[in-house]
Amino acid sequence: MKRLLSILVIASSLAAVAQGADWPQFLGPDRNGTSPETNLGGAWPSEGPAVRWMKAVGEGFSGPAVAQGRLILFQRKGAEEMIDCLDAKTGAPLWHFAYPTAYQDDFGFDEGPRGTPAIADARVYTMGAEGAVHCLDFQKGTALWSLDCKEKFQCPKGFFGMACSPLIESNLVILNIGGQDGAGVIALDRATGALRWKSGHAEAGYSSPVATSIDGTRYLLAFTRAGLSALNPVNGADYFDFPWRSRNSSSVNAAAPLVNGNLIFLTASYETGAALLRLDNGRPRTIWSGNESLSCHYATPVLRDGFLYGIDGRADPGMQPRPALHCVELATGHIRWSKNDFGAASVTLADGQLFVLTENGELFRAPASPKEFHVTGQAQVLPLGVRAFPAIADGCLYARSKNKLVCISLR
């Protein structure tokens, strides 16, 4: 009997180890760049981590979303934006949906979609570079409803098209679109696409909204081009606004707000820097701010045990100095360590490890430690041109460049 119990305990433990988490939306399950996955192993072999599969894809800065063993890829080929469902283990196609697009990038960058899909309750939600919102059946890929935000709300093109990743909050789909007539942020009915509320007059930046609970109150945090707008997610009512943007008219706010208890961290580039806010009785108070610690251009940093890890500096091609990788103490803004001349990258956290994917397609692995950046793995996993955020799900890292999608085993 004891032997049988031991076998059952071991089997149960192995099942728990093998069970992976999903990455169903932008920046992961909690929208903070962190995966709850564990048992991701130690240092990589000299040849790098094992590649499960790789395939050619179309254009897009949209990151992959993964749930229930399926991967949703949002891309562009020719004159169509496409939503494809793949088997996450093999990369095999499961279904395909496409619609026309005429988006042209004014700066000659990527012309694919920017926003990462959201998967919730057997549905997929996307918003393309021209503001076309679609809701599809997750199993079949059939269209359930759609909405043209550009036409309905007169949304401007902005510098690089529309880039909001849909946020699913209760029975709503929430989008930061910068529309006219008070449609800066909108909430749509998840089941029908009908407008439930609209709020604000600020232009959209390139940051996607976050929902969180602070001191028992639910907040919707939308980092617009003008600054942070805190709203009631149920009806769009204003809680407060915190102006935070560069004086440069060509600037954008792109990183998502990070929340830790009653603290809210904001960061932006263009000589803007970072600010740490504390909510006291629902009102924001600045703990510290400045441009010395962490000025993130587009990539949202991650937070672990009171320390931020992120990319400081402009990520534009040819900009000098090149961006640096910083570890910053959240409470004070003090830099603990810095890797200068690192280059543009995204930082993802899982199992106490930093997975840093550079714009050049190089993946670094290192413990998330305020003492030092000690690399335990380094490999070229994609060609040049990586701007999309990766996903970590079921022991694998999924990442894309301008023309490739790769699945890498982390175990």
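The mean positions of the 37 positive and 38 negative charges of the protein lie 4 Å apart; Lys and Arg count as positive, Asp and Glu as negative, with His and the chain ends not counted. The model is predicted, so local features need pLDDT of at least 70 and side-chain atom pairs pLDDT 80 or more, while totals for chains, interfaces and linings use all residues. Residues are numbered from 1 along each chain as its sequence is written, and side-chain values use heavy atoms, leaving out hydrogens and water.

Me: What makes the protein as compact as a globular protein of its length?
Reply: The protein has 2 helices and 33 strands. Its radius of gyration, taken over C-alpha atoms, is 21 Å, close to the 22 Å of the globule rule for 411 residues, and therefore it is as compact as a globular protein of that length. The rule is 2.2 Å times the number of residues to the power 0.38.

Me: Why is Ser-346 called buried?
Reply: Buried means under 20% relative accessible area (1.4 Å probe, protein chains only). Ser-346 has 3% relative accessibility and therefore counts as buried. Buried residues make up 57% of the 411 residues in the protein.

Me: Where is Ser-346 placed, and in which strand?
Reply: Ser-346 belongs to strand E27, residues 345-350; a strand is a DSSP run of E, at least two residues, numbered from the N terminus, whereas a helix is a run of H or I, at least four.

Me: Which residues does Ser-346 touch, not counting those up to four places away in sequence?
Reply: With contact defined as heavy atoms within 4.5 Å, Ser-346 touches Ala-299, Phe-355, Val-356, Leu-357, Phe-389 and Pro-390.

Methods. Buried < 20%, exposed > 50% of the residue type's maximum accessible area, 1.4 Å probe, protein only. Charge placed at Lys NZ, Arg CZ, Asp CG, Glu CD.
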